[in-house]
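Please read this report alongside the sequence and the 3D view.

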Amino acid sequence: MEFFIDDLRVLFPYPRIYPEQYAYMVDLKKTLDAGGNCVLEMPSGTGKTVTLLSLIIAYQMQSREKRKLIYCSRTMSEIEKALVELRNLMKFRADRLGGEEDFRALGLTSRKNLCLHPSVKREKSGSIVDARCRSLTAGFVKEKREKGEEVETCIYHDNLDLLEPHNLVPNGVWTLDGLLRYGEEHKQCPYFTARRMMQYCNVIIYSFHYLLDPKIAERVSKDLSKDCIVVFDEAHNIDNVCIESLSTDITEDSLRRATRGAQNLENKINEMRESDQKKLQDEYEKLVQGLRGSDDCQQEDSFMSNPTLPDDLINEAVPGNIRRAEHFVAFLRRFIEYLKTRMKVRQVISETPPSFLAHLKEYTFIEKKPLRFCAERLTSLVRTLELTNIEDYQPLQEVATFATLVSTYEKGFLLILEPYESDTAEVPNPILHFTCLDAAIAIKPVFDRFSSVIITSGTISPLEMYPKMLNFQTVVQESYSMTLARKSFLPIIVTRGSDQASISTSFQVRNEPSVVRNYGNLLTEFAKITPDGMVVFFPSYLYMESIISMWQGMGILDEVWKYKLILVETPDAQETSLALETYRTACCNGRGAVLLCVARGKVSEGIDFDHQYGRTVLCIGVPFQYTESRILKARLEFLRETYRIRENDFLSFDAMRHAAQCLGRVLRGKDDYGLMVLADRRFQKKRAQLPKWINQEIRDSETNLSTDMAVSSARVFLRRMAQPFRTKDQEGVSIWNLEQLRIHQKKMQEDLILELQAEQEKEVAAAEAARAAASGVGRRVVEEVSDYEMDEDDEAEMMALDV
Amino acid sequence: MSRKAPPGARSTTITTTPSLPSLGPDEMCPVCKTMRYLNKEMKFLINPECYHSMCSACVDRLFNSGPNQCPHAGCHKTLRRKGFRAAFFGDLAVEREVDIRRRVAAVFNQKEEDFIDLQAYNDYLQKVEDLTFDLVNGNDTQRQAAEAELQEWEAEHKAEIERNKKAGREADEQSRRRLAAEREAARQRRLDAVREAEEEKQERARNREAELDSLAKGESASSRVQLKRRGQANRAAEAAANATATASSVAGASDAGRLSIRGLKEKKKAPAPDGPYDPFGGPVFVPSRYTVHSKLTHPKLEGLKNETLWRAGGYSFEDYTAQAMFEAFSGLGVFIEDEKEAGIGLSAGDVVGMAAGIAAVGDKMDLD
């Protein structure tokens, strides 16, 4: 369908539209017009992606400056889905507009997924693929070959150089698969095609990391212009992504390997000094001049990457005491030895970067400034030495990154040294966590650089938490409710078991037999009445294991077994995917299955249980984080002191967003239906923190229930859902066709006009009053005028005189 | 509680462990071959003379009776008991390097502010690094040369070194104090947070009690609701007050933080360059009522403009025009008629005052 929002012509690739989709578009347009950031929450399964894309593409195509869209999503499958949606949209637009538009869209993912080289693509691990690819495609490899040396190169990559650099692929929407196929046909490398074409694309779709992780962002996303529209979809976890991208862990093993790396580096330097003194000298000269990073270090095949540095540092010359290669290696060694010594301490230490630096300086005479340049200097050295087997230097790179980060940021980071893995462990296994506490640091460059950043998800409540945590201003913050023709999901809060004892997974009571039995009964009862699939979420693996073994002892599992197959998620990805496959088979055949999984595991995010795959989701306990972790504690303290977010508020917010994610798994569309059961006493109070669209549907009569009451209301709900339901019933209520949309728009316009009129009247009245208070002469004139009943023009003239 | 195994067991352990060389340097004393396995509390000491490590028992045994030779094969240094200490680093080469660095850093302690620009500082840093590198890794001649250079520099820059050392100590002291203050502040904040939470809890309990009391007294439901509301309002107001208080205190803290930035030397401002000397100190002699064009001509003097004879004497046509213009305009603004009326010899100010007076009493004058 095709309609207008203000003067923007939107082409929507479906004949019908949901009311919330329309509202979403209106708000999105408002944001883009105003040129600011926004946080939008739209219920899962209401076509968020297609709404976003169709509005932004329409906006892009209509405006003259063609602002680029950068769409970030979380997983590969979501990226692929978005690309397919986009392709459909563009096809629809072409049909409607009678011709293809000048438009190009690409998805970008890692080399591992996009490699075509016959032997490299067979590698299992991503980092090996990266390393091998680099050794075939690096700039100096090409140089060497031109000099006539016998070196192996990648034919797919080399073919790219024969093409026009700005036209490697024709216009159109390229899904990852499509790109692979095109690459195979034309013998060109899909990965580098995507990388190089990014500048010439209208839409880029890739994962969060390409924009948030400073190590990658600097290389991949550097050339994107300022007016890009950035969208973070599924962004409810964005703060954790930010934090992870700036945190590093250093273990004894990695230090050992770093030492070996430094040794190798030294050998290489000695070798090179004998064979090719000139290159080292060239590098040195360049560093003296401070030309670092000016020319070739930003090329796409640069080996190692650097964390964010302030711009003033980038342009500064490298400090004199690490300019020479051998000095730098000795410097690295000293730093690594220092870290090793620190790791020998047998008690927990947490310290801030300044205190760490002070101690470091006292013992090793390493100043802050050369430390800051560490990562950069290493990159330069590695490039000069033309090293290809880069994975040997990975740990060294980690240490250098750590050095740069620790000396760059004073605030918002903490070093925590944990000598033992757990409190009871006897054998020390020290880990030095360098943890980022402030999610705003990693995302700050994004907000600084791009004018419009859109953060959206199905569950991103409470909305005001995100601007607070990420430290930005919003133009629009909106949460949409779900319009439903029938109440197609039933959220209920169960607080008591059938014996009226309250149930909770709080630490004190979670292992009490009565609580465990009550949860068991709940599971059995819902397994009895649920058709097809049922998903159960536990707060942690540990608790899941213990409760399952207790259920086994109580015979509860045997009872459930009568009604459904039982499958369990494990931390192992392979096993879990097998379990999922079996679960799906079971849901399509016979009586269905129960999947027991963990609220923070793989299943809870990104796997959809639509239709028969999930009719009931049972959330056992509030999925709080493990609060004894020192990193979490440090972060809580930081949040409290910097952003005034209280510990309990944050913990409960975090738990509820995971719970909401779990609940959102079962409802993937308007013709879907499902039960959402929240089984914990504590949910009663935390209800308000659920997303608006879920919270709205919780009736007071369906909270604070005991098991049997919950079961009876669920029965009623399921019976109602079993009645035939035609699409026609939804029309006009939860689905609009074009006419209904027009009616709505008209109504909105009328409302707007009325509102404006009311405002105007108010203004006029105010002006009148102001005039009345003005001089008496003026008043006389006006009154005389009105007596004579002049027409409006004269009146205006008079008023001008009056002034 | 040392767990020394009996001697018999010890010998068997040694004979049954064929992989002796694979033990790390941390595990076995190279002098007496005692292993950590046998003596858990074994400590290794080094002497900065030669950096050969040995266990503390060996040190006691060998050096208790005065200076002795290092027991390591090929090392003929004479060591003293006093010189032994525990190594900070696991890698003794690094330990040695750091010792040398300590010595170098004590001499080469120039700051970035002491140099005219960054490049000079960087060159200095590199020079120091080269010297250190020679001291650490160089052969004998290099080492001696470096040593000589070091001493030369020390002799040359004695005063500066002393000064910088003092400044460095002060800076260290300050940074330490600041760190301590920060830690203290953090602790205080933590305590405050705990107290706040506690207070809130108590407040809630109190309210609850009040509510229960009112229930017990059988007050009406509406008054109970009011009570509850009041409690909530109180709490909200308190929270708001707290928030502003903490915000202001935070602002104060940040103020203090700004004031106490260390390491930023208060740079002396260079005196602003004096402008050209102005003998009259103020009044400007540029004509205000007109501008002198360069294109002015005079039919008679035109020929003289470029005449060398005239110009050699200092004559310039521009001066002439400027003078002429000045003379022409200097009479404007003077009203001769008025002056005549008021009497000649009055200053301009008087004239103005008089004119004003005349205007004011104009009517009367007419009458006269």
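Chain B has twelve helices and five strands. Helices (H or I, at least four residues) and strands (E, at least two) are DSSP runs, numbered from the N terminus. This is a predicted model, in which local features need pLDDT of at least 70, side-chain atom pairs count only at pLDDT 80 or more, and totals for chains, interfaces and linings use all residues. Residues are numbered from 1 along each chain as its sequence is written, while chains are lettered from A and ligands numbered from 1 in the order in which they are written.

Of the 368 residues in chain B, 8% are buried (20 or more other C-beta atoms within 10 Å of the residue's own, with C-beta atoms placed from the backbone). Take the contacts in chain B with a separation of 6 or more: 50% of them link residues 24 or more positions apart. A contact means C-beta atoms, placed from the backbone, within 7 Å.

Confidence comes next. The mean pLDDT (the predictor's confidence in each residue, from 0 to 100) of chain B is 74, and 67% of its residues reach 70 or more. Residues 1–23 of chain B stay under 50, with ten contacts beyond four places in sequence. Residues 247–268 of chain B are also below 50, with eight contacts beyond near neighbours in sequence. Where pLDDT is low, the predicted coordinates should not be read in detail. For the complex, the predictor gives an ipTM of 0.74 and a pTM of 0.77.

Now chain A. Strand β8 (residues 229–232) points I229(A) and V231(A) one way, V230(A) and F232(A) the other; all are buried.

| Partner of β8(A) | Sense | Bridges |
|---|---|---|
| β4(A), residues 69–73 | parallel | four bridges |
| β13(A), residues 452–457 | parallel | four bridges |

Y71(A) has V231(A) as its bridge partner in β8(A). V230(A) stands opposite V453(A) in β13(A).

Elsewhere in chain A, an unreviewed UniProt entry lists residues 255–282 as "coiled-coil region". UniProt annotations may be inferred rather than shown by experiment. In the model this span is 96% helix and 0% strand, with its end C-alpha atoms 31 Å apart.

Conventions:
Two residues are in contact if their C-beta atoms, placed from the backbone, lie within 7 Å. A residue is buried if 20 or more other C-beta atoms lie within 10 Å of its own, exposed if 12 or fewer, and partly exposed in between; C-beta atoms are placed from the backbone. Two strands pair if DSSP finds at least two bridges between them.
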